[in-house]
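Welcome! Let's walk through this structure together, one question at a time.

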Amino acid sequence: MDVQPQGAGGGAEEKVTFTVLVTGANSGLGFAICCRLIDEFLFTRPQSQTLHLLFSTRDARKSEDTLRRLGKHLQKTLREANGRTMGISLLLEARVKLEGVLVDLLELRSVKALAEQLLRRGQRLDAVVWNAGIAGWKGLDWPKAIWHILTDLIHASTYPTYPIPIEGLVTKAQTEARDEPKLGQVFTANVFGHYLLTHWLSPLMDSETRVVWISSISALPETFSADDVQGLSAHMAYEGSKRLTDLLVLTSELPSTQPYVQNFLPATNHQPQAQASRPKMYVTHPGVVGTSIAGLPWLLELLMFAAFYIARWLGSPWHLVSAYKGAVSAVFAVIAHPSQLPELEQREGKGKWGSATGVYGDERVARTEVEGWGFCGRVGVVPTGSVTAGRYRGRKETTREVREGFEVEGRRVWGELEGLRGEWEGRLGAIKQEASVDV
Ligand SMILES: NC(=O)c1ccc[n+]([C@@H]2O[C@H](COP(=O)([O-])OP(=O)(O)OC[C@H]3O[C@@H](n4cnc5c(N)ncnc54)[C@H](OP(=O)(O)O)[C@@H]3O)[C@@H](O)[C@H]2O)c1
């Protein structure tokens, strides 16, 4: 799916500044999302629009380094544009504003501080990309990994079962209270920190704001239990946190979850609930890309890249390999024309938007099957632009009963997360919302 320029009806042409917040921007996919967003924004949006890119890192050193590298990327893009149209870079350069912000998602006070900083400023958010994340692995089961890669390369590198997770990982204490309950570390970095941030930043959002979550192709149902949303006793807490992401986002517009969603993302138009409009959440995944999330030494990282390329050449639709290519789906979710995303989901059903590829690395955005939801929440329906290859071998067909079960589980996890939000807001104290919002 190509990204079209925003046109009439998009409501974007009148906007002068388009503000996007991306978390975990200093490496891997997050950095690539920032680069790709700059490139696509400059060449698909009207010259009157400026991109204000707020990129988050965990400390000032990483922030400065990321700013320098993003600036370098912008200069490369400008040089290439000048090669095509002499002097165009002068116009384009003025259309990108880069700004670093700090947050550590494992420290809820830091999450709250970022929310307060942005609320004080009052600048409206057009999109947020919840990219930061951790795997929570301590290494790989090498004999198993080598055997699986040599005998079943595509499946084994798309749905790996050889990483060794650290089970029961929890965050450091968040407050001074002695009776503070545990918080699952992978859950907090990948889901809960972002979940709180979404709610706290909601005064800066309106019905056109897009909340983009990053999931994974490997978010299989058996890795998650609604009895343990934090994955405290899960064997595969990383994959489980991504299944939780799928459940939250894909059920977020169903009538059955609205009692929770209405509190989480208050309506922005002050209308009765039936006509209320609120920001929309989207779920994307980057396919399989080579980043440092697996924590491999450089030689093994080289072998990992080689294995990923071979998987792509053998026909895997999900081995994007490069993070820039993998960023295509998240950037699509941020800037696609309304007819290509919100209106399309309205017509054809909500989807999990994946980065897919052809043999030569020609990346595109494709609907991805989610067990229990299918491709669009409608049993047996496979909309155009869905990828049906490269699916999990042990997958179960999404029947009517399974689809109903997904919705029941979705409603349940919404209830759990809203309960946790209430508890933690109580412990952390009220958020300061002093500013008025610039629209
Ligand atoms: N690589 C893949 O094939 C793949 C596949 C599916 C989904 N994903 C998803 O893509 C996203 C990015 O992963 P990646 O592969 O690009 O890995 P990565 O290179 O390790 O990047 C992870 C980013 O998250 C940040 N981060 C980690 N813990 C954080 C915390 N507590 N607070 C704030 N930021 C934190 C990291 O910052 P530091 O450098 O400071 O740690 C880094 O910027 C993740 O959500 C991951 O699940 C990746």
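## Questions and answers

Q: With which residues is Pro317 in contact, leaving aside its neighbours within four places in sequence?
A: Let's begin with a single residue of this predicted model. Neighbours within four places in sequence are set aside here, and what remains for Pro317 is contact with Ser355, Ala356, Thr357, Val387, Ala389 and Gly390.

Q: In which loop does Pro317 lie, and is Pro317 buried or exposed?
A: Pro317 sits in the loop that runs between α10 (298–313) and β10 (319–321). Its relative accessible area is 7%. Buried means under 20%, so Pro317 is buried.

Q: How many Å apart in space are Pro317 and Gly390, C-alpha to C-alpha?
A: Gly390 is among the residues that Pro317 contacts. Along the sequence the two are 73 residues apart. In space, C-alpha to C-alpha, Pro317 and Gly390 are separated by 6.4 Å.

Q: Where is the place of Val321, and what is its phi near?
A: Val321 has its place in strand β10. Most residues other than glycine have a negative phi. Val321, a residue other than glycine, has a positive value, near 65°.

Q: Is Val321 buried or exposed, and which residues is Val321 in contact with?
A: With a relative accessible area of 1%, Val321 is buried. Leaving aside neighbours within four places in sequence, its contacts are Val288, Val289, Gly290, Phe305, Phe308, Tyr309 and Arg312.

Q: Where is Thr171 found, and why does Thr171 count as buried?
A: Thr171 is found in the loop between β6 (163–165) and α7 (185–201). Not counting residues up to four places away in sequence, Thr171 touches Leu106, Leu183, Gly184, Gln185 and Thr188. Thr171 counts as buried because its relative accessibility is 13%.

Q: At roughly what angle do the axes of helix α1 and helix α2 cross?
A: Helix α1 covers residues 28–44 and helix α2 covers residues 60–84. Their axes come within 10 Å. The crossing is right-handed, and its angle is roughly 30°.

Q: Which residues make the contact of α1 with α2, and how many are nonpolar?
A: From α1 come Phe31, Cys34, Cys35, Ile38, Asp39, Leu42 and Phe43. From α2 come Thr66, Arg69, Leu70, His73, Leu74, Thr77, Ala81 and Arg84. By class, 3 are polar, 3 are charged, and the nonpolar residues number 9.

Q: Why does the radius of gyration of the protein chain agree with a compact globule?
A: The protein chain has 14 helices and 12 strands. Its C-alpha atoms fill a box of roughly 55 × 55 × 45 Å along the principal axes. With 439 residues, a compact globule would have a radius of gyration near 22 Å, and the value for the protein chain agrees because it is 21 Å.

Q: What percentage of contacts between residues at least 6 apart in sequence join residues at least 24 apart?
A: Of the 439 residues of the protein chain, 56% count as buried. Among contacts between residues at least 6 apart in sequence, the share that joins residues at least 24 apart is 77%.

How values were computed
Residues numbered from 1 in each chain as written. Predicted model: local features only at pLDDT ≥ 70, side-chain atom pairs only at ≥ 80, totals over all residues. Heavy atoms only, no water. Axes fitted to C-alpha atoms, helices over the stretch in contact; angles between N-to-C directions. Helix = DSSP H or I, 4+ residues; strand = E, 2+ residues; numbered from the N terminus. Left-handed = near helix turned anticlockwise from the far one by under 90°. Contact = heavy atoms within 4.5 Å. Nonpolar A, V, L, I, M, F, W, Y, C, P; charged D, E, K, R; others polar. Rg over C-alpha atoms; globule rule 2.2 N^0.38 Å. Buried < 20%, exposed > 50% of the residue type's maximum accessible area, 1.4 Å probe, protein only.
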